[in-house]
Amino acid sequence: MTSYMVSKKTMEINPANPIVEELRKKAEQDQSDKTVKDLVWLLYETSLLTSGFSLDESNTFAARIHRMIKLGLSIYEDEAKEDDDLPPLQETEEVSTNKMEEVD
């Protein structure tokens, strides 16, 4: 009986907003641009968060944020892959002088 009284949530987008205008221009230039898609999703997901909703896939949201931070800092995937080629650290036997590790 009360289910019909619950209002459906509506997201309103202001087409004159500078962010929306710029996203529209970039999307018209290249519809397969992953950065534009990420920005649109981030805009939607942040509007959900600011409205008090929770995200179903918070890991995906975090990955998008990290990609945008990398983009803003000019960190590209090729540079990140260079770190993966580093050899593993070699462990050395050191004499520990730490009293916390002594066992009776």
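**Salt bridges within and between helices of the predicted model**

Arg24 is partly exposed, with a relative accessible area of 44%. In this predicted model, the side chain of Arg24 meets that of Glu28 in a salt bridge, with a distance of 3.4 Å from N to O. Both residues belong to helix 1, where a separation of 4 residues places them about one turn of the helix apart. Glu28, for its part, is exposed, its relative accessible area being 56%, a value that lies over the 50% cut-off for that class. Helix 1, which spans residues 18–29, also has the highest mean pLDDT among the elements of the protein chain, at 93.

A search of the whole structure returns 5 salt bridges, and Asp38 takes part in two further pairs described here, one with Arg64 and one with Arg67. Asp38 is located in helix 2, which covers residues 34–50, and with a relative accessible area of 6% it is buried, since the class requires a value under 20%. When residues up to four places away in sequence are set aside, Asp38 touches Arg64, Arg67 and Met68.

The side chains of Arg64 and Asp38 meet in a salt bridge with an N to O distance of 3.6 Å. Because Arg64 lies in helix 3 (residues 58–72) and Asp38 in helix 2, this pair ties together parts that are 26 residues apart in sequence. Arg64 is likewise buried, with a relative accessible area of 10%.

In the salt bridge between Arg67 and Asp38, the closest N and O atoms are 2.8 Å apart. This pair, too, links distant parts of the chain, with Arg67 in helix 3 and Asp38 in helix 2, at a separation of 29 residues. Arg67 counts as partly exposed, at 30% relative accessibility, whereas Asp38 counts as buried at 6%. Through salt bridges that share partners, Asp38, Glu45, Arg64 and Arg67 are joined into one network. In general terms, side chains of opposite charge can pair when their charged atoms come close.

Helix 4, comprising residues 77–84, has the lowest mean pLDDT among the elements, at 50. Over residues 82–86 pLDDT stays under 50, and for this stretch the model has 0 contacts beyond four places in sequence.

Terms used. Residues are numbered from 1 along each chain as its sequence is written. This is a predicted model: local features need pLDDT of at least 70, side-chain atom pairs count only at pLDDT 80 or more; totals for chains, interfaces and linings use all residues. Side-chain values use heavy atoms; hydrogens and water are left out. Helices (H or I, at least four residues) and strands (E, at least two) are DSSP runs, numbered from the N terminus. Buried means under 20% relative accessible area, exposed over 50%, partly exposed in between (1.4 Å probe, protein chains only). Contact means heavy atoms within 4.5 Å. pLDDT is the predictor's confidence in each residue, from 0 to 100. A salt bridge is a side-chain nitrogen of Lys or Arg within 4 Å of a carboxyl oxygen of Asp or Glu.
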